[in-house]
Each structure stands twice: as C-alpha cells, then as structure tokens.
Amino acid sequence: MSRQIWDIPGGIHPAQNKIQSLQTEITRADIPAELVIPTQQHIGAPAKPCVEVGDKVLKGQVIAEGNGFVSLPVHAPTSGEVIAIESRPIQHPSQIDGVCIVLKPDSNDTWGARHPIDNYQSLERNDVIDAIRNAGIAGMGGAGFPSAIKLGIKPGTKIEQLILNSVECEPYITADDKLIQERADEIIAGLEIMQWLVNPQETLIGIEDNKPDAIAAFKKATANNNIEVVVVPTKYPSGGEKQLIYMLTGKEVSSGGLPSDVGVICQNTGTAYAINRAIHHGEPLVSRITTVTGDAVKHKGNYEVLLGTPVDALLAQAGADMSAASRLIMGGPMMGFSIHDASVPVVKVTNCLLAPTTEEIPVPAQEQACIRCGSCAQVCPAGLLPQQLYWFSKSNELEKAEHFNLADCIECGACSFVCPSNIPLVQYFRFGKGQIRKHKSETIKADHARERFEFRQARLEKEEREKEQKRKARAEAAAKKQAAKKAAALANPPSDASGSPTTPGTDDVADTASNATKLKSAWASATKRWKDAEKALTIAEKNGSDQLEAFQKKVDQLKAKAEKTKALYEDAKTSAASTSPSSPSASPSPAVAPVSNDPMVQLKQASADNFKAWKDAQKKTQEAEANSADNLEALREEEATLKAKSDASKAAMKEARAKEKEAMQAKKATEDPTKQLKLDAAIARTKAKKALKALNSLDDDHASHAALKAAYEKALATADNADAALKAAEEA
Amino acid sequence: MTDDLSAVFSLVSMAVLFGSALGYAAVKFATDDDPIADQVDALLPQTQCGQCGHPGCRPYAEAVANDEDEINKCIPGGEDTIHAMADLLGKDFIPLDAEESDVVDVPMVAYIREDECIGCTKCIQACPMDAILGAAKQMHTVIVDECTGCDLCVEPCPVDCIDIIPEKVTHTTWAWPQPDGVGITPGQLIPVRNIA
Amino acid sequence: MSVLHVTSPHVRKPMTTNAVMRHVIYGTIPGLAVLTLLFGWGTLINVVFGSLVAVAAEALVLRLRNRPILFSIKDGSAILTAVLLALAIPPTSPWWITVVGILFAIVIAKQLYGGLGSNPFNPAMIGYVLLLISFPLEMTTWIPANLTEGVAASPSFSQSLALIFGSVDRTVIDGITMATPLDTFKTYAGNDLDMLRSASVLQGSIAGVGWEWVNIAFLVGGLYLVARKIITWHIPVAMVTSLFLLAGLFYIIDPDSYADPIFHVLGGGTMLGAFFIATDPVTAATSNKGKLIYGALIGLLIYVIRAWGGYPDAVAFAVLLLNLCAPTIEYYTQPRAYGHKKANSGIAKS
C-alpha cells in the first residue's frame with residue numbers, strides 16, 4: 001500500500017501515556033443511583049423534554065425530542081422513573097447549569113421496543129438517515145455535531161472519500177483504540193452503512209502508527225472489502241478533522257467551509273460503532289466507551305458508560321482517589337475541559353476522564369512576558385501566527401485578529417504546549433473569538449434596532465399624515481358646504497336649503513391639544529438642554545476653563561429658549577382649555593340639519609327628488625291622456641311646474657359643482673406646495689438608498705445586478721427630480 | 001529682471017500645474033462614502049434611549065457629525081463607542097459624560113412584573129423599538145430579543161412595574177474571559193467532594 | 001480538597017523562558033573561552049562585572065516601575081544582555097564603558113519600552129552602538145591576539161583587572177593595542193597593498209589572527225542552540241549566506257580592494273551576530289520566510305557597511321536597522337493559513 005500521506009505543518013509530540021489504560025478489557029460501568037441526562041448534549045438547540053416527572057420509562061425510550069434541524073432526540077439510558085426535570089451542573093466552561101432530565105434507574109435495565117433494520121439496502125437512503133437521526137447519534141470525537149446532518153449530503157455533491165477518523169492523537173485517550181481492538185467488525189459494519197449512504201469513490205480509515213493492535217484488528221476486518229486502512233505517523237493534532245483530511249487526501253477544506261465541499265466526509269470511530277448498533281440492533285445511542293485514566297485512578301481503563309452517569313460515580317467505580325487529583329479533565333490533556341463540579345454527567349462526547357496527580361500534570365506556572373520566540377508559529381497545524389493573534393487578542397484589536405485568521409484556529413493547544421513563557425494562548429484565542437462573536441451579534445442587534453426604530457418612525461409619520469389628510473378633508477368639506485349653501489340659496493327658496501351652521505369643529509380642539517403636547521415636549525427638551533448646559537458651566541467653572549464666557553452665553557441662550565417654549569406651551573394650553581369646553585355646548589346645535597351636512601349631497605338629493613316628482617307627474621299625465629281623464633289639464637300644468645323645478649335644481653347643482661371645483665383649485669394654490677414636494681423627495685431618496693443597498697449586497701456577476709442597477713438609477717433620478725422641484729418651489 | 005520674471009513664471013506655472021493636478025485628483029479619486037452622520041449612526045448602539053439629550057440615535061449622530069454635540073454623550077455605548085467615534089472623526093478621546101452610577105457595561109433588558117401590570121399601554125407608546133407587546137386592559141410583556149434596555153418605558157409606567165435587569169447569560173451568549181496576564185498563575189481552584 | 005479549573009491544554013513542554021535564556025548563555029561559552037585564551041581575562045571579567053551591573057540596574061528599574069523584581073530577574077534576560085554586550089566590547093575597555101553600555105541597554109533600551117518582550121531594538125546592540133559613537137577610541141582599541149607575530153602573551157588576570165579598573169596608565173595600553181584585522185583591511189585595502197600584506201594581524205591567517213578561532217567557537221555555540229531548538233537555522237544561515245555571496249561577488253570583481261568571503265564570514269563579529277545577536281527573538285522576525293529575509297538583509301547591510309561605510313565592523317548597525325524593519329517584514333511574510341488560497345499580507349484595513 002503506497003498511498004501518499006501529506007504532512008501537516010507544525011504539530012507536536014507530547015508524551016503518549018496511553019499504555020496505562022490499555023491493560024484491561026472494556027468494562028461495563030455500573031448503573032449509578034441516578035442518571036442526569038442534559039437536554040443539550042451537542043451543538044444545536046437543546047431537545048424538548050417529552051416526559052413528565054413520575055413517568056416510568058424504558059431503556060431507549062425517547063425522553064426529549066429534537067427541536068430544529070441541528071438537534072437530536074435524547075433517549076433514556078436505562079429503565080426507571082423520571083424523578084426531576086431541572087437545572088443541574090453540566091460540563092460547560094461557563095459553569096452555567098443546564099436543564100437535565102433526572103432518571104432513577106430501576107436496575108432492571110429493560111429495553112423498550114427496538115426496531116433493527118435487517119436489510120437497510122432495501123430502504124430509501126433518507127429513511128436510513130432518519131433512523132440515524134432518531135437514534136440520537138452525534139459525532140463522538142469532538143464537538144458532537146449530529147451525524148445525520150453530515151451524512152445527509154446535498155443532492156449532486158459527489159463524495160470522493162469517506163474517512164473514518166481512528167487517529168486518536170490526544171495523549172491518554174484509548175477509547176477508540178480499545179473499541180477497535182475488541183469490536184472492529186461492528187465498526188466496519190457501521191462504516192459500510194455510511195459507505196452505502198454516501199457512495200464514496202474510496203473509503204479510508206486513518207489511524208496512527210502507535211496503535212499496532214488496532215491496526216491489525218482493522219486489517220483483519222477489512223480483508224474482504226474495499227476499505228483501506230491508512231497508517232499515519234504519530235503526531236498531535238493529526239486527528240483534527242481538517243488535518244486528517246489533508247494528510248490522507250492532500251485536500252484542504254476551505255476556511256469556513258465543510259469537508260463535503262471538497263468531496264470528503266469524515267466520521268469518528270465511535271460514531272460508526274453507534275450507527276451499527278442503531279441500524280443492525282435498533283439501539284439508540286445511550287452509552288459510550290470512556291477512558292478513565294490518570295495517576296489518581298486505581299483501575300485505569302476503558303468503561304462502557306451509560307450517558308448521564310455522573311462523573312463522580314464513574315470515578316468512584318474506577319477507584320479514583322480524589323484527594324490525590326490535581327484537576328479533573330473531561331477529554332484529553334490537550335483539548336479537554338476541566339470539570340468544575342464532579343457531579344456533571346457523562347455525555348455523548350465524553351471520550352475520556354482524566355484525574356492526574358500533581359506530579360503527573362503540575363500546577364501551571366506563572367504567565368511570563370512573550371519573548372516572541374515564534375515556537376508557537378512553528379507548531380501551529382493551521383499555519384497561523386499564534387503570537388500575533390495573542391497580541392491582538394490581548395489588546396482587543398479584533399479587526400487585526402480577524403485579519404490574521406483567528407477564526408481558523410482549531411484550539412488544539414499546540415502553541416500553548418510549546419510556549420516557554422507559559423502563556424495560556426488558547427484562552428486568549430477563545431477570548432478573542434468570543435469578543436468577535438459578541439461584537440458581531442451586537443452589530444446585528446443594533447442594525448435590527450435601527451431598522452425597527454426607523455420603521456416605527458415611518459409608521460408614526462404615516463399616522464400623522466393620515467390624520468392630517470383627514471383633517472384637511474373635513475376642512476374642505478366645510479368649505480364645500482359653504483359654497484353649496486350659497487348655490488342652494490340662489491337656486492331654491494331659503495326654506496328649501498338645508499344648510500346647517502358649521503360647528504366649531506372638534507378638530508380644532510384636537511389640534512390645539514396636540515399642539516400643546518408638542519410644545520410641552522419641546523419645552524421639556526429645551527429645559528433639559530438648558531440644565532445640561534448649566535451643569536457643563538458649573539463643571540467648567542470648577543475646572544477653571546477659559547471658555548466660561550462661551551458657556552455662559554450658551555446657557556443664557558438655552559434658558560431664553562426654554563422660557564420661550566414654556567410661554568408658548570402655556571399659551572397653547574390655555575387656548576386648548578378655552579376651546580375644548582366650548583365644543584360640548586356647540587355640539588347640540590347642528591340638530592337643525594335634518595339630512596346631511598354635505599351641501600353637495602343635499603343638492604343632489606333635491607335634484608333627484610324633483611326629477612322623480614316630475615317623472616311621476618309626467619307618467620300620471622300620460623296615463624290620464626290614455627284614459628282621457630278630465631283632470632288632464634291640471635295634471636299637465638303640474639307636470640310643467642315640476643319639470644321647471646327639476647331643471648332649476650339640476651342647474652343649481654351644476655353651478656355648485658363648478659364652484660366647488662374652483663374653490664378646491666384656489667385652495668390647492670394657496671396651500672404650501674413645498675410640503676408635498678419635500679415628502680416626495682424624501683420618499684424618492686429612501687427608495688434610491690434601498691436600491692443601492694440591495695445593489696451592494698449582490699455580487700457583480702449576479703443575474704439581477706443589471707436590473708437592480710437600473711432601478712437604482714431610476715430611483716436616483718426621481719429623487720433628483722423631486723429635489724429640483726422642491727428647490728424651484730421653495731424659490732418661488 | 002529676467003531672473004525675476006523667470007522666478008515668477010516658474011512659480012506661477014508650478015501653481016497652475018499642481019493646482020490642476022490636485023483638482024483632477026479631487027474629481028477623479030473622490031470617495032463617495034456615506035455621509036458622516038450615517039457612519040456615526042452606524043457606531044451607535046441604537047438603543048434610542050435619549051440619554052444623550054437627543055430624541056434617538058440618528059439625531060445624536062447628526063449632531064455629532066455637524067459638530068453640534070460632543071462625542072461622549074452615548075451612555076449605553078460607553079467608552080468603546082467614544083473611541084470609535086474619536087477614530088472616525090479624528091477627535092481626541094474624552095471621558096463619558098455621565099455619573100458613574102449611570103454606566104452599566106452589561107447588556108440590559110426591560111422586565112415587566114406581569115402581576116402588577118394594569119394594561120395601560122403607556123409603555124407600549126414609549127418604546128422606541130415596538131418591543132412591548134400587549135393591548136389595553138391586557139397584561140403587557142417585553143420581547144426580550146428586541147429590547148435594547150433603553151429605560152424609556154420605566155418612567156411612563158403608572159404602577160412602576162417595569163424593571164431594567166441585566167440580560168441573562170446563557171450557554172450560547174457566554175464568552176471566555178481574558179486571562180489575567182503576566183505574573184499570574186492561570187486557573188482557579190474549585191472545591192470537590194470525595195465520594196469514593 | 002479542590003481541583004484546578006483551567007483552560008486546555010493541560011500539559012506543557014518543559015522548556016521555559018528562563019531555560020531559553022540559560023541555554024543561550026551556555027551557547028556563548030565556547031566563544032568566551034576562545035576570547036579569554038587569545039585576549040586574556042578581560043572578556044571574562046567584563047562578563048561577570050557586566051552581569052552584576054545588569055542585574056542591579058534591572059532590579060532598580062523594576063522597583064521604580066512597581067513590578068515584581070525576583071520574578072523578572074529570574075528569567076535571566078538581563079544577564080544575557082550583559083553577556084552579549086561584554087562579548088562585543090574590547091577586553092581591555094575600562095569599567096565605566098561596561099557600566100554606561102549596560103545601564104543604557106537595560107534601562108533605556110529595555111525597561112523603558114516595557115521590559116522583556118516589549119523592546120523593539122536589541123538592548124545589547126543599542127548599548128554597543130551608544131558606546132561606539134560616544135567613545136570611539138576606547139571601543140576600537142583592541143589588543144592583538146596572542147598568536148600574532150611579535151606579540152608575546154595576552155595580559156594576565158591581574159593585568160586585565162588593572163587595565164579594566166583603571167589602576168594603570170592608559171598609555172600603557174596604547175603601546176600594546178593594534179588595529180583589528182577588519183580595521184586594518186579597511187585602512188589599507190585598495191590604496192596601500194604593501195602595508196596590507198605586511199600587517200601582522202593578517203599574517204598567516206584566513207580572517208585575521210585569532211579571529212577565525214573566535215568565530216568558529218561562536219559557530220559551535222550557535223550550532224548547540226540550533227540543536228537544542230532554542231533558535232532555528234533560518235536567520236544565521238540566511239545572514240552568513242548573503243554575506244558570503246556578496247563578498248564573493250566583489251572579491252571576484254576586484255580582489256585587491258575587497259576582502260575574500262572567508263575573511264568576512266570568519267572575521268569580526270559575524271558568527272556572534274549571526275547566532276546570538278540577530279536571533280534575539282524579541283526583536284527579530286518570527287515567521288520562517290520572514291527570518292530568511294531578515295537574516296539575508298542583515299548580511300547585506302553588514303557587507304555594505306564593512307566595505308563602504310565608516311565603521312570597520314557593522315553587525316550592531318545592521319541588526320538594529322533590521323530590528324526597525326522586522327514588523328514590516330512580518331506583515332508581508334505571513335504564512336498561508338490552512339484553508340486559505342493565499343497568504344495574508346499587510347495589515348488589517350480599519
């Protein structure tokens with residue numbers, strides 16, 4: 001086998017310390033007194049509990065359902081009773097508790113219904129992926145990304161390599177090693193399922209050359225299929241997903257991209273095993289192999305642990321002497337997290353529990369000044385300059401840190417490992433990344449807030465505008481009424497005209513009242529500015545500023561302004577007070593008007609009535625003629641009068657209409673034209689801005705780019721026109 | 001005489017030459033950046049709280065851009081914002097114009113004690129973000145994601161049932177702290193009990 | 001009982017900054033030994049005396065700056081600065097030369113910039129250049145190596161003490177000093193070849209009498225540092241190569257006016273500069289590509305100043321000038337990060 005192996009840059013060779021935990025077979029861990037199952041076991045939204053306190057559950061039963069795309073169901077690790085759903089300490093660097101389902105095992109360990117899929121090849125691929133998702137399988141090496149999502153490749157993506165990551169480069173950890181040695185066939189069965197799912201050109205197993213037994217086991221298990229075992233030299237961190245992909249294929253996953261973008265899918269050994277159990281045995285992921293090691297542990301080795309087992313229970317079974325341990329680490333010594341509370345549960349990604357003594361892993365030394373030795377850059381597997389990133393993170397120069405690709409740091413810890421000054425570089429990088437993330441979310445929130453605020457402003461303006469328009473319409477109606485009254489007076493005897501005196505409109509009252517509120521706020525803000533200025537003045541006086549005079553002047557100005565606004569407000573208030581009481585007394589008066597207030601409508605009505613009367617009269621006359629009635633003459637006379645009346649009212653209406661039109665035109669001319677123009681210009685500008693924004697958000701080569709550009713130009717032109725018109729109007 | 005003339009001539013021609021070069025450059029390389037006010041507005045936290053004495057972030061940004069107000073009035077933005085504005089406008093940093101007790105550097109959010117709410121809708125009208133939900137005579141509640149913690153709803157409340165509380169840190173919003181620095185041993189000691 | 005809550009990684013390589021400094025000091029031992037053999041006890045006395053002054057000065061400034069004193073003294077950086085400076089100055093220079101140089105190096109060039117790790121210039125070389133400019137006479141009066149024709153023996157221990165601490169008339173020294181080989185070459189090359197050929201400091205040697213041994217000793221010490229991975233090979237190799245190539249080029253063009261490349265590479269302070277001065281991590285470039293450029297430019301500048309400049313040797317000037325360029329070199333030689341098509345260069349747009 002002469003497969004080329006690409007070498008990753010950097011890397012380190014820490015002491016392996018793997019022998020200690022390889023001496024025994026995998027031991028089944030005891031079922032503890034209670035199991036604490038966090039609803040959040042992996043990346044993504046936490047699962048939603050679907051059981052209640054007091055419920056009896058069976059092993060493998062779903063106790064919390066996935067909530068969203070990147071979320072998985074959680075299963076009961078054994079049979080028993082749910083005794084609490086509450087916040088409990090879980091493993092997280094923030095030391096914040098998380099919602100957990102607490103299960104009291106009944107020690108029977110009774111399985112619920114299991115549905116093995118005997119012949120998965122006969123099913124649809126999506127159904128198998130769903131089965132994997134429903135079994136709650138997440139990546140069991142690092143971040144715990146749901147495996148189903150990784151396997152559910154986009155249609156049309158060609159997968160060239162499927163890689164099984166059995167590198168296990170972290171010191172101390174032997175969980176995968178031992179699993180391979182004892183259950184290689186089952187792992188390969190899981191890998192074959194994945195092979196069928198993604199249909200790769202080749203399937204590779206990456207494994208470090210420090211695991212001869214595991215390599216032999218894999219070689220034996222893959223003797224009769226097309227899976228290739230690739231042995232890579234021992235070097236940390238060759239087990240990083242991106243690093244392993246490069247070592248085996250020479251392909252680099254682009255920054256921020258996914259392995260499937262370059263046609264590679266990489267899965268962990270434990271995941272392959274879990275997939276086998278899920279498909280061939282119908283067992284969801286309820287346990288995992290965890291290495292318990294470190295000099296404070298008496299029975300070092302690998303344990304098959306139920307998820308949710310508290311760490312202290314597992315350590316107690318392994319005979320750990322906690323008084324000898326200097327720290328408790330979940331995961332390996334390079335990337336593992338220290339545990340803040342020994343009652344945290346084992347979760348899907350817990351591949352190791354490390355309880356070292358002080359001799360084994362001493363207390364970290366004091367941080368010293370960076371001497372820019374560059375050792376960190378020599379070992380960085382991502383080709384970064386950790387030292388520069390350190391300076392930028394330390395001084396909060398986040399833009400520069402981003403420019404130096406802080407986001408590509410995999411936090412492997414190689415830089416901290418070699419740093420002679422004992423600088424906790426990884427923590428600086430995590431800090432820097434956190435700040436960048438925070439900054440970004442703040443910016444997004446601020447943009448969002450601005451949008452909402454602007455929308456609200458626009459809405460309020462619109463409401464105001466509508467109110468204004470209504471007011472105007474009413475005023476116009478009043479004017480029309482006046483005109484119609486005149487017209488009616490001309491056309492009809494005074495008794496016929498039904499014009500009513502206009503009431504001292506409630507509009508005016510509202511107007512003055514709102515005016516008063518506006519003035520009040522103006523007064524308040526003026527007062528505030530004045531007070532502020534006064535404050536500034538006192539401070540300036542205290543500090544002996546040389547601009548006292550200017551300050552004093554400003555204060556005086558502001559004070560005058562405040563007083564003026566106050567006076568205005570008071571005026572407005574009194575006027576509002578004087579107008580408002582008059583309105584109730586005025587309101588009963590319009591009772592005179594029997595029909596409608598609108599003179600136009602009245603005229604129309606009158607004209608229609610007259611017309612109808614005439615037509616009736618005409619009809620009657622015709623009937624009478626036909627019957628040769630004797631009152632024909634009288635009827636004829638009546639008809640003539642009615643016709644004259646109808647014609648007169650028609651004419652009156654016509655006249656009134658013309659007058660109204662004239663009045664409206666006159667009114668329009670007298671009104672300030674600039675306001676409307678201003679509004680038009682503003683709207684046009686906003687439109688142009690929006691178009692520009694849309695334009696900028698697109699790439700040049702985008703199909704709709706040209707169209708958007710045209711739209712933008714048009715909007716801009718409209719805005720310019722509106723501006724020009726406004727200017728002209730203002731000048732006029 | 002010819003020397004004088006040549007000096008005058010050369011100076012004038014140089015002036016013309018450089019002047020036209022500069023003029024050309026000004027037209028050719030003109031940057032069509034956002035107006036200053038937009039850039040300042042982008043730096044502000046958009047809480048619309050009015051603590052600067054302006055009715056919202058945009059008016060304050062305009063005032064700053066037109067040199068009508070100092071850059072140290074934005075309390076929610078804090079020193080970071082002042083630094084950013086100082087950089088943008090080429091001004092010197094000046095300390096925040098606020099009482100120390102007014103300054104909070106954690107994100108805040110409004111919380112309505114719903115039992116006490118009488119449903120008067122006053123806070124709804126005061127909220128610049130439309131982040132309060134409710135109707136007349138109905139209990140109101142805050143949409144936490146939209147709330148900027150601006151304080152403006154507290155004052156109008158007739159029954160004082162609105163508190164401004166620090167936003168809760170969750171697993172997703174938590175961020176690693178900065179290490180303590182040179183001369184300090186990293187890490188903290190955590191007590192554990194021994195159950196073995 | 002309690003456990004530690006700390007960020008990963010939990011294991012560390014046992015190499016510390018203190019050990020780095022210690023190893024660099026070990027690396028100077030062969031050179032120091034050869035200097036002592038050839039020029040008497042003067043250098044050794046200067047090293048010990050200078051170290052004491054450096055530690056005292058550092059302690060004083062740390063106290064004034066309200067910084068932990070022992071914590072910083074322990075890192076050994078002050079002693080290293082003193083050792084390097086003492087190796088560079090003439091073995092017979094009076095004590096106040098050492099004091100002035102070291103005070104300037106520690107107080108001004110190092111602590112006023114913020115102490116270890118924050119100084120933009122190599123403190124030892126700043127001290128050296130200050131002395132060279134302020135006291136050119138004292139700084140250029142070297143006694144000839146005891147291998148030189150007509151020179152009987154180097155000063156004894158007591159003689160060296162007397163020379164340094166000033167209990168003898170300085171005119172006595174004038175009697176026994178000679179121009180250094182580089183100096184001699186500079187004076188006569190191209191205009192007085194007879195004098196050049198007869199100069200005793202150049203007789204029977206390839207790079208000035210004794211100096212080839214000094215340089216070979218520093219080379220050995222430097223290789224030790226490379227082997228211990230205290231420094232990488234990039235800067236010394238680039239620097240020596242560029243110096244050698246440039247010298248070779250001009251030697252081919254005009255052998256009478258320009259010294260041969262071996263003379264340059266094994267003469268003066270070349271190897272001390274290449275392995276101990278230019279590689280000072282604080283002030284050098286850090287990326288591998290950057291180190292190559294940095295080293296090559298130092299070699300170039302050394303040759304330019306030696307051949308056409310006003311000073312016979314140029315390591316200090318060349319290193320300081322390149323210290324100035326290190327950040328810029330750094331910006332334009334960033335390695336390509338994983339998953340990126342091309343390397344970043346320049347600084348972030350702000």
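**Stop 1: chains A and B**

Select chains A and B; their contact takes 31 residues from chain B and 38 residues from chain A. On the side of chain B that touches chain A, 16 residues are nonpolar, 13 are polar and two are charged. Bear in mind throughout that this is a predicted model.

**Stop 2: chain C as a whole**

Chain C contains 18 helices and one strand. It has 350 residues, and 53% of them count as buried. Take the contacts in chain C between residues at least 6 apart in sequence: 73% of these join residues at least 24 apart.

**Stop 3: helix 3 of chain C**

Select residues 42-64 of chain C, which form helix 3. With 23 residues at 1.5 Å a residue, helix 3 of chain C should span 33 Å, and the 32 Å between its end C-alpha atoms agrees with that.

Which residues of helix 3 of chain C are buried? Colour these: C:Gly42, C:Thr43, C:Ile45, C:Asn46, C:Val47, C:Gly50, C:Ser51, C:Val53, C:Ala54, C:Ala57, C:Glu58 and C:Val61.

Then step just past helix 3 of chain C to C:Asn66, where phi is positive, at about 60°.

**Stop 4: helices 5 and 6 of chain C**

Keep two of those partners on screen: helix 5 (residues 77-88) and helix 6 (residues 95-110) of chain C. Two packed helices are described by the angle between their axes and the distance between the axes. For helix 5 and helix 6 of chain C, the angle is about 135° and the axes are 10 Å apart. At that angle, helix 5 of chain C is oblique to helix 6 of chain C. The crossing of helix 5 of chain C past helix 6 of chain C is right-handed.

Show side chains for the contact residues. Helix 5 of chain C supplies C:Ala78, C:Thr81, C:Ala82, C:Leu85 and C:Ala86, while helix 6 of chain C supplies C:Thr98, C:Gly101, C:Ile102, C:Ala105, C:Ile106 and C:Lys110. By type, the residues of this contact between helix 5 and helix 6 of chain C are seven nonpolar, three polar and one charged.

**Stop 5: backbone exceptions**

Most residues other than glycine have a negative phi, and most peptide bonds are trans. The next selections depart from that pattern.

- Select C:Ser8 and C:Pro9: the peptide bond between them is cis, with omega near -5°. C:Pro9 sits in the loop between strand 1 (2-5) and helix 1 (17-27) of chain C.
- Select A:Tyr236 and A:Pro237, which are joined by a cis peptide bond with omega about 0°. The loop that holds A:Pro237 runs between strand 11 (227-232) and helix 5 (241-249) of chain A.
- Is A:Asn199 buried or exposed? A:Asn199 is exposed, because 12 other C-beta atoms lie within 10 Å.
- Select B:Asp151, also not a glycine, with a positive phi of about 90°. The loop between strand 3 (141-142) and strand 4 (162-166) of chain B contains B:Asp151. B:Asp151 has 19 C-beta neighbours inside 10 Å, so it counts as partly exposed.

Methods: Residues are numbered from 1 along each chain as its sequence is written. Chains are lettered from A and ligands numbered from 1 in the order in which they are written. This is a predicted model: local features need pLDDT of at least 70, side-chain atom pairs count only at pLDDT 80 or more; totals for chains, interfaces and linings use all residues. Axes are lines fitted to C-alpha atoms, for helices over the stretch in contact, and angles run from 0 to 180 degrees between N-to-C directions. Helices (H or I, at least four residues) and strands (E, at least two) are DSSP runs, numbered from the N terminus. Angles under 35 degrees count as roughly parallel, over 145 as roughly antiparallel, 65 to 115 as roughly perpendicular and the rest as oblique. A crossing is left-handed if the near helix is turned anticlockwise from the far one by less than a right angle, and right-handed if clockwise. Two residues are in contact if their C-beta atoms, placed from the backbone, lie within 7 Å. Ala, Val, Leu, Ile, Met, Phe, Trp, Tyr, Cys and Pro count as nonpolar, Asp, Glu, Lys and Arg as charged, and the others, Gly among them, as polar. The expected span of a helix is 1.5 Å times one less than its number of residues. A residue is buried if 20 or more other C-beta atoms lie within 10 Å of its own, exposed if 12 or fewer, and partly exposed in between; C-beta atoms are placed from the backbone.
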